[in-house]
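Student: I would like to go through this structure with you, one topic at a time. Could we start once it is on the screen?

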Amino acid sequence: MLLTFLVLAPIAGAAIIACTSGRREALIRRTALAVSVVEFGLTLLLWTRFDGTSAEFQFIERRAWIPAFGVDYFIGVDGISLFLVVLTGFLTPLALLSSWESVHDRVKEFSLFVLALESAMVGVFISLDLFLFYIFWDAMLIPMYFLIGIWGYDRRVYAAIKFILYTMGGSVLMLVAILTLAYYHGAVTGMPSFDLLKLYALPLPGWLQFWGFLAFTMAFAIKVPLFPFHTWLPDAHVEAPTAGSVILAGVLLKMGTYGLVRFAFPLFPDAALYFAPYLAGLAVIGIVYGALVAMVQPDLKKLVAYSSVSHLGFVALGISAMNVQGVQGAVYQMLNHGVSTGALFLIVGMLSDRRHTRLIAQFGGLKKVLPKLTTAFLIITLASIGLPGLNGFVGELLILVGAFRWDPRYAAVAATGVLLSAVYMLWMFQRVNYGPVTNEENAHLPDLTLRERWALWPAVAMCIFMGVAPMVFLKPMEPSVTRLVEQVHRNQGQQVRILPR
Amino acid sequence: MLIWIPLLPLLGFLINTFAGRRLPKAMSGGLASLAMLAAFGVSVVEVAALLNQAPGGRELVQTVYTWIASGDFQIPVTLRLDPLSALMILVVTGIGFLIHVYSTAYMHDEPAPEYARYFSYLNLFAFFMLLLVLAANFIILFVGWEGVGLCSYLLIGFWYQKPSAADAGKKAFIVNRIGDVGFILGVLLAFVRFGTLDFQRIAAALGPLAPEAAFGAVSLIALLLFIGATGKSAQIPLYIWLPDAMEGPTPVSALIHAATMVTAGVYLIGRNAVLFTHAPDVLLIVAVIGALTAVWAGMFGLVQTDIKRVLAYSTVSQLGYMFLAMGVGAYAAGIFHLFTHAFFKALLFLGAGAVIHALAGEQDLRYMGGLRRDLPITYWTFLIGSLAIAGVPGLAGFFSKDEILYRTFASGHPWLWLIGAATSLMTAIYMFRLVFLAFHGPRRVRHDHDHDPAGSHAHAHLHDAPRAMGIPLVVLALGSILAGYIGFPEMFGGANWIEHFLEPSFTAPAVAESLEGAEAAAGAASHSLELVLVIVSSILALAGIALAAQLYLKRPGVSARLAERFPRLYRFLVNKGYVDEIYDELFVQPVKSLSDNVLWNSLDTKVIDGAVNGVGTIVGETGGVVRHLQTGSMRAYALSVLLGAVLMVGYYLWR
């Protein structure tokens, strides 16, 4: 029941808030925060109860939902989804804290949407039924749409609509593929099913793998986002409120890469191996392209957004390699990116709360004025450029090892990302924090408040912890990753014709 | 016990980071120095234990924990003390301690929080540097490698409000990262080729194999690693960050940018000597790059007017020597020079720091002169350092440099020897140009006080280095004299102890013994050649000093006239060969322009986003057209049904 409780707890919190008068803002904020902290505690409980030596799905719950169509309420976690659930639990309180002073308008609805979003995100990660998964997948869009569209910056409506159209465009294709799969299961076995584990076991003909993989991957590639499906991301990030950006970068983008790992690759293994080089091609283009474009951004949020394109390119590369190091590195890098980019957006939000601008040129010399903020900023920056001892390095290293074993050419291009990330991050860091204070408006900014410290230090601490003790995460993850890799390679040697005639 | 060597400075870092702001300055500086002293003590104990073991099998190993494990990719935090790392930890903790002590006085004008920040970075540097030299595998070495790079970045940019300092820090980090791309790829290839990243296992796997005749996987690994080394150890083409790194506080230049970190590339080759021995093509590249860097950087050292920049180019040049040695397979000679260089170059930087300190920030040689009377300790120790680096017989640099030159010649590379010898002459000239300009002749005081970084008041009262600075100078001066005697050549009846001590680190475990015999036979044959070469280079060193005396002491106008005679050459040298400008034009600007104009403002916002918005528009417009069909008017619907029916009937009638 723990997993069901994890889905319901935030929604229940949202329901309580819905019944509260909108004028009692302080109470609403505290309730939302308390609910999200409890939820985080529950995700930790889940982790402690998780058997890290097993590759199987655990905490499985299954109830028939729409028996006629083979739809079940079927949930469970393995070593891959476990940590993404924990990540969701970790980031949501930080996101709520970050909006404490920046969101004044309609606090009730805001808190409600954030909690609803959390439920949907957890639901996506634990669904083992494709129908259920799709429901959660689309359910995520609604609160996110409103978070950007209502509490965003100037061009928020444009960004919100762009976000929703882009992702819906991908989801529709995926829906068709999901229905086809269920129907195909019915055609073969006499009973349609959306059960992921049954579909894993179902041998699919080449044409179905081909189109199915493309449809799923299209939806996920937009979400990741992979080059060239990324242009919704800078707009969405720039316009979203800080909490929205934190969750968007921290968790939502991982839906795409998680989808590749959980659905696209194991469901259509032969098509996946066939398409992997193309996917890796887009991934390494994204690594270099995102970094180069990030380098010339005048806006801090856009810079971080494009850096996400680059970082998620690493993740997609690791998945494409489809060996233990590559996938484990990719999953670890999802967590890393969630923590460090989430923290970067927190920091940008704090700067923008203070100065009401995010233009790099408006800052300079902040280290003198904001020593604490700058220290956190430095550590997160270093984490983001993959400095050993901090989290990013472990993920990037494993991905590069995996990619190099698979095809050194991709690893060679990706390795330049290590250089480029240092270029754009350090250059940005220098322009914001070093040099003399040139702008009088920056001269007397207040350093971190207590609340901001509570939002920021946990993320900083996680960056260090995950860099020094990665085995805490890698070890329970490995059995599931190994099983996945074997699953995808199961048909190797047998000729499955992928290209449709 | 091994882990305590890096852990003690890490502890110092943590204390100064979390409590430094509240500690009095004496405490934070004292604590940091104490951490280094303790690390030095532990190092001495461990090295003594190592020496007690039988030669050939000397090693101490400690595995702390498994850091990363994924499938067969296993990275334990393993430290291994062997002769090579033993020498390195003594240098890092010993000279590191002296520089910490020196810093307590040098940085005294900083307010307490900044003072604590400085020492916390310095301790952190020591931690990473010790990790680097104790690491038993590539990944842990890389942790140290990147960590020292970070500390270098932070310390170069220590005075972050100065844009030039912040720029220099960033430049150092980024140029190093260019090398790191090579390093990482080399490590990945090594893992795929050998299935392990442990140095000893790789050496053992290579041991029975013959050196690669053609350029193969091992050569590629070696080449990629060497690219990493050119970044960290400031060799052509990536040396450009080191002169700028002089923006950092001078003790930092002494510790990081002279004695320890910049030698990490040399150490990397020494650590992988077996691998490089199996890649003869790459060794030749290493030797050529080393020799070229030595002479190229030496040239710029001749005309720089900033005291620290002269020393910086000198460091680049001396590092070139070390690579030359590694490249001709004289690993012990290269590491020996690394060892002696650590003493005299740290001494020279600290001496320069004492001068700058006394002159309240003045770094320009044109505004110095005559300081030997006011700064006797600084002068005499600086003079010893200069004699040592110039290669005057009897001092440390003489032994190590001559070993390198002799081995270069003996390995069949007379041209490389010639370049090395020419560099030797240049070294003597630029060092004594510096000595004569700074300490001899009349005082020259800057008059345009606007440009004087620290005001003019300090010029009135010159004082020699205070005790905390003076003692390290004296100790290092002693080292600059004595350090060479651990490699006293056999031809003078010495034992060349250092070479025999280090040798096991450079050979594969299995073949160590058979090689030793061959080495001894080769050494005995050519003592006469060695003697001739030693005499030649000693003459060059003395000639260089004499020439410098002529140019800068006896006839000070000559150098200016030379500059007028050869204006182009002079401008070329003063502008450091325009290398920064060329790189900027060739790489930096095109990439910026590509990213900004092509990728972002055309491809991203116009092409891709344009396509997306175009699709949106088309969908919108189609919707607009289709909407007109849904008018809600019964007559229109009826009409369309009728029309459809007519068309269908027509189709079946006329088909």
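Student: How many residues lie between β1(A) and β2(A) in their hairpin?
Tutor: This is a predicted model, and in it the hairpin of β1(A) and β2(A) has 4 residues between the strands. A:Gly70 sits in the turn and has a positive phi of about 70 degrees.

Student: In which sense do the two strands pair, and over how many bridges?
Tutor: Strand β1 (residues 58-66) of chain A and strand β2 (residues 71-77) of chain A run antiparallel, with 6 bridges. Within this pairing, A:Glu61 has A:Ile75 in β2(A) as its bridge partner.

Student: Which residue forms a salt bridge with A:Arg62?
Tutor: A:Asp195 does, with the closest N and O atoms 2.7 Å apart. The two residues come from distant parts of the chain: A:Arg62 belongs to strand β1 of chain A, A:Asp195 to the loop between α6 (156-189) and α7 (196-201) of chain A, and they are 133 residues apart.

Student: Is A:Asp195 buried or exposed?
Tutor: A:Asp195 is buried, at a relative accessible area of 2%. A:Arg62, by contrast, is partly exposed, at 41%.

Student: Why does B:Lys171 count as buried?
Tutor: Its relative accessibility is 19%, and the cut-off for buried is under 20%. B:Asp580 is partly exposed, with a value of 25%.

Student: Which residue of chain A forms a salt bridge with B:Asp72?
Tutor: A:Arg405 does, and the closest N and O atoms are 2.6 Å apart. B:Asp72 lies in the loop between β1 (60-70) and β2 (73-81) of chain B, while A:Arg405 is in helix α16 (residues 391-406) of chain A, so the pair joins two chains. B:Asp72 is partly exposed at 43% relative accessibility, and A:Arg405 is partly exposed at 35%.

Student: With which side chain does B:Asp609 meet in a salt bridge?
Tutor: B:Asp609 meets A:Lys162, at 2.6 Å from N to O. Salt bridges with shared partners bring A:Arg155, A:Lys162, A:Asp235 and B:Asp609 into one network.

Student: Now the backbone. Which residues are joined by cis peptide bonds?
Tutor: In chain A, A:Phe227 and A:Pro228 are joined by a cis peptide bond, with omega about 0 degrees. A:Pro228 is in the loop between α8 (206-223) and α9 (232-239) of chain A. In chain B, a cis peptide bond joins B:Ile236 and B:Pro237, with omega about 5 degrees. B:Pro237 is in the loop between α8 (217-232) and α9 (241-244) of chain B.

Student: Where is A:His356 found?
Tutor: A:His356 is in the loop between α13 (324-355) and α14 (366-369) of chain A. A:His356 is not a glycine, yet its phi is positive, about 55 degrees. A:His356 is exposed, with a relative accessible area of 70%.

Student: What is the phi of B:Ala360, and is B:Ala360 buried or exposed?
Tutor: B:Ala360 also has a positive phi of about 55 degrees without being a glycine. B:Ala360 is buried, at 18% relative accessible area.

Student: Last topic: what span should helix α17 of chain B have?
Tutor: At 1.5 Å a residue, its 15 residues (396-410) should span 21 Å, and the end C-alpha atoms are 22 Å apart, which agrees. In α17(B), 12 of the 15 residues are buried, among them B:Phe398, B:Phe399 and B:Lys401. B:Gly412, with a positive phi near 90 degrees, follows α17(B).

Terms used: Residues numbered from 1 in each chain as written. Chains lettered and ligands numbered in written order. Predicted model: local features only at pLDDT ≥ 70, side-chain atom pairs only at ≥ 80, totals over all residues. Heavy atoms only, no water. Expected span 1.5 Å × (residues − 1). Buried < 20%, exposed > 50% of the residue type's maximum accessible area, 1.4 Å probe, protein only. Pairing = 2+ DSSP bridges. Salt bridge = Lys/Arg side-chain N within 4 Å of Asp/Glu carboxyl O.
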